[in-house]
Amino acid sequence: MRGRGSYDMAIRAMENLAGAGFRDFKISVVMTRQNVPQLDDFAAIADRYGAQLRITRLRPSGRGADVWDELHPTAEQQYDIYSWLLGHGEKVLTGDSFFHLNALGSEPIPGLNLCGAGRVVCLIDPVGDVYACPFAIHDAFKAGNVRSPGGFDRVWRESALFAELRRPSTGGACSGCPAYDTCQGGCMAAKFFTGLPLDGPDPECVKGHGAAALSAVARDALPRQGNDHSHRTVPLGMPAVRTARPDRLCDESPLAGADLAAHTLKGTS
Ligand code: SF4
């Protein structure tokens with residue numbers, strides 16, 4: 001998925017970080033149908049390099065929309081993730097990815113057990129637009145822009161969207177579910193981008209209501225992610241050689257101008 005050689009590059013980077021004494025850097029893994037059985041292996045890699053594992057839910061937004069149908073974990077795998085997090089989750093970061101899995105048992109998984117959108121997280125994109133969450137880049141979830149009068153402070157405190165998201169929900173179609181207190185109807189972005197109502201069950205509802213609701217959705221009319229300004233022209237790999245001098249050296253490389261040899265000597269003296 002990430003391209004040939006990307007795994008080796010990531011391992012090499014971790015070796016370098018660990019070799020330099022850098023600890024607790026994060027390994028971020030999106031859980032898919034293909035890699036749920038590898039959870040122990042990811043944890044072992046994190047332990048080997050003194051890093052911290054973060055696992056994230058595959059959302060049907062952005063480029064995830066193109067692969068969600070075939071790659072989102074099966075019902076059995078959702079149970080595997082829940083069980084694994086109960087046993088190993090204290091050291092693992094999950095953000096607000098898996099709180100909907102709490103409907104699987106009486107014990108909540110460690111971590112943030114609510115949707116953080118507009119409450120504890122938001123996304124500010126490169127042009128200053130503020131969205132309720134990184135997986136909800138769409139006009140329906142745009143709260144404002146940090147370049148407007150009052151800046152981010154005003155958007156965060158006064159946006160009507162955020163006020164709405166912070167209001168307690170009645171549960172809508174989920175209100176009769178005995179698991180509502182822990183699951184809370186699941187992920188707003190996952191519902192929106194699969195065409196489900198926001199006050200209905202999550203598409204991956206562990207009681208099967210999401211799958212039933214999805215079967216009634218016209219898949220060719222789903223909302224698509226809006227203007228994502230973060231993926232415009234960012235190339236992967238080494239920058240091309242150019243002859244013209246950039247306005248600022250750091251436009252070309254974050255290490256521009258750094259005297260790495262001197263730094264290394266200082267660090268080892
Ligand atoms: S019906 Fe709603 S609250 Fe109950 S488990 Fe499914 S998504 Fe969660």
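Does Tyr79 count as buried, partly exposed or exposed, and at what relative accessibility? In this predicted model, Tyr79 has a relative accessibility of 42% and therefore counts as partly exposed. Tyr82, by contrast, is buried, with a relative accessible area of 4%.

Aromatic pairs number 6 in total. In one of them, the ring centres of Tyr79 and Tyr82 are 6.1 Å apart and the planes meet at 45 degrees, so this pair is tilted. A second pair is formed by Phe141 and Phe192, whose ring centres are separated by 4.8 Å; with the planes at 80 degrees, the arrangement is edge-to-face. Because Phe141 is located in the loop between strand S4 (129-131) and strand S5 (142-145), and Phe192 in helix H8 (residues 188-193), the contact ties together parts that are 51 residues apart in sequence. Phe141 is buried at a relative accessible area of 3%, and Phe192 is likewise buried, at 16%. Together with Phe193, Phe141 and Phe192 form one aromatic cluster.

Strands S1 (residues 26-31) and S2 (residues 52-57) run parallel and are joined by 6 bridges. Within this pairing, Leu53 of S2 is the bridge partner of Ile27. Helix H2 (residues 39-48) carries the chain from S1 to S2 in a right-handed β-α-β crossover.

On the surface, a nonpolar patch comprises Leu112, Val120 and Val121, with about 210 Å² of accessible area together. Val120 belongs to the loop between helix H4 (75-88) and strand S3 (123-124), and its relative accessibility of 52% means that Val120 counts as exposed.

Definitions and conventions. Residues numbered from 1 in each chain as written. Predicted model: local features only at pLDDT ≥ 70, side-chain atom pairs only at ≥ 80, totals over all residues. Heavy atoms only, no water. Pairing = 2+ DSSP bridges. Helix = DSSP H or I, 4+ residues; strand = E, 2+ residues; numbered from the N terminus. Right-handed = clockwise from strand over helix to strand, strands pointing away. Patch = residues over 30% accessible without salt bridge, like charges linked within 9 Å, V, L, I, M, F, W, Y side chains within 5 Å. Areas by Shrake-Rupley, 256 points an atom, 1.4 Å probe, with all protein chains shown as cover. Salt bridge = Lys/Arg side-chain N within 4 Å of Asp/Glu carboxyl O. Buried < 20%, exposed > 50% of the residue type's maximum accessible area, 1.4 Å probe, protein only. Phe/Tyr/Trp six-rings, centres within 6.5 Å; stacked < 30°, edge-to-face > 60°.
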